[in-house]
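I opened this entry to look up the pockets, the ligand and the salt bridges. My notes follow in the order I took them.

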Amino acid sequence: MKKIILFMTCAFVTSTVLADDLSQYQSEARAVAMPFLKKLGAANQQAVSAGGYEAAVQICKDIAPAMAGEASRLTGWKLTRVSLQVRNPLLGTPDAWEQKQLQDFAARAAQGEKAETIEASEIVSEPAGKSYRFMKAIALQPGCVACHGTAIPDDVKARLHSDYPHDQATGYSVGQIRGAVSIKRPL
Ligand code: HEC
């Protein structure tokens, strides 16, 4: 009897500690992901209003990966942008956990959840160790449709076709989930 009580107490303590850690990790991940998205959205808006594919493409092609790289170096966590329909397969292809979350995000959005508020987090064990994983959906904004939307201007379409002949990242409408910011923090 004593043994069982002891076991139950331990299990309870472990799960509360985990829940506390999880919410702390979650707020720390949000504090990195949110400014990243905000900065990116603002830079994109600015580039789009300045006009031209060349200026705006810089944001998605150079600035976003550079910002993700900087955040990764400074935090020691891996920060990336992933999607189920990628333009750049090298940077954007999701791993198994990310694919599962992106599918779940799509189902949640179909149930009426707003893309802007959709996120997921979990502590995951993999062969090389444990990590805290966090994902936040990226919603398509009006400034994104010229390159990811349904009516892409002909000159942009031609450029995209020559730069990314296997592009899958088109056909989105405003508010739809374009992909997600993904954070992986080793524990
Ligand atoms: C001027 C064209 C342009 C605009 C505007 C644009 N993108 Fe992109 N986007 C691209 C290109 C080009 C890539 C591929 C970049 C690379 O080579 O890594 C890309 C890649 C991405 C990716 C990475 C995953 C993938 O498919 O490779 C995400 C996520 C993304 N864009 C979201 C957005 C969002 C959200 C907006 C609006 C805030 C936006 N983009 C606006 C051109 C654009």
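**Second largest pocket.** I began with the second largest pocket, which holds about 240 Å³ of space. A pocket here is an open set of points on a 1 Å grid over the protein atoms alone, where a 1.4 Å probe fits, with protein on both sides within 12 Å along at least five of seven lines; lining residues have an atom within 4 Å of a point. Points are joined across faces, edges and corners, and the volume is the space filled by probe spheres set on them. I noted 16 lining residues, with Leu102, Ala106, Tyr172, Ile177 and Arg178 nearest the centre. Helix H4 (96-110) and S4 each give two or more residues to this lining. H4 gives the most, with 5 residues. By class I read 9 nonpolar, 5 polar and 2 charged residues. Ala, Val, Leu, Ile, Met, Phe, Trp, Tyr, Cys and Pro count as nonpolar, Asp, Glu, Lys and Arg as charged, and the others, Gly among them, as polar.

**Ground rules.** The model is predicted: local features need pLDDT of at least 70, side-chain atom pairs count only at pLDDT 80 or more, and totals for chains, interfaces and linings use all residues. Residues are numbered from 1 along each chain as its sequence is written, and side-chain values use heavy atoms, with hydrogens and water left out.

**Largest pocket.** I then turned to the largest pocket, with about 1,100 Å³ of space. Its lining has 48 residues, and Leu40, Cys60, Arg81, His148 and Arg178 lie nearest its centre. Which element gives the largest share of this lining? H2 does, with 10 residues. The lining divides into 27 nonpolar, 14 polar and 7 charged residues.

Helix H2 (53-75) and helix H5 (145-148) are the elements that give two or more residues to the shell around the ligand. H2 has the largest share of that shell, 4 residues. I listed 20 residues around the ligand (a heavy atom within 4 Å), of which Cys60, Cys144, Cys147, His148 and Arg178 come nearest. The shell has 10 nonpolar, 6 polar and 4 charged residues.

I checked the polar contacts next (pairs of N or O atoms within 3.5 Å). A polar side-chain atom of His148 is 2.8 Å from a ligand nitrogen. For Tyr164, a polar side-chain atom lies 2.6 Å from a ligand oxygen. In Arg178, a side-chain N or O atom is 2.4 Å from an oxygen atom of the ligand.

**Salt bridges.** How many salt bridges does the structure hold? I found 10 (a side-chain nitrogen of Lys or Arg within 4 Å of a carboxyl oxygen of Asp or Glu).

**Whole chain.** Last, I took the overall layout. The protein chain has 6 helices and 4 strands. These are DSSP runs numbered from the N terminus, helices (H or I) of at least four residues and strands (E) of at least two. From the N terminus on, I read the order α-α-β-α-α-β-β-α-α-β. The C-alpha trace spans about 75 × 35 × 30 Å along its principal axes.

Note on methods: A polar contact is a pair of N or O atoms within 3.5 Å; within protein, one must be able to donate a hydrogen and the other to accept it, and residues adjacent in sequence count only if both atoms are side-chain atoms.
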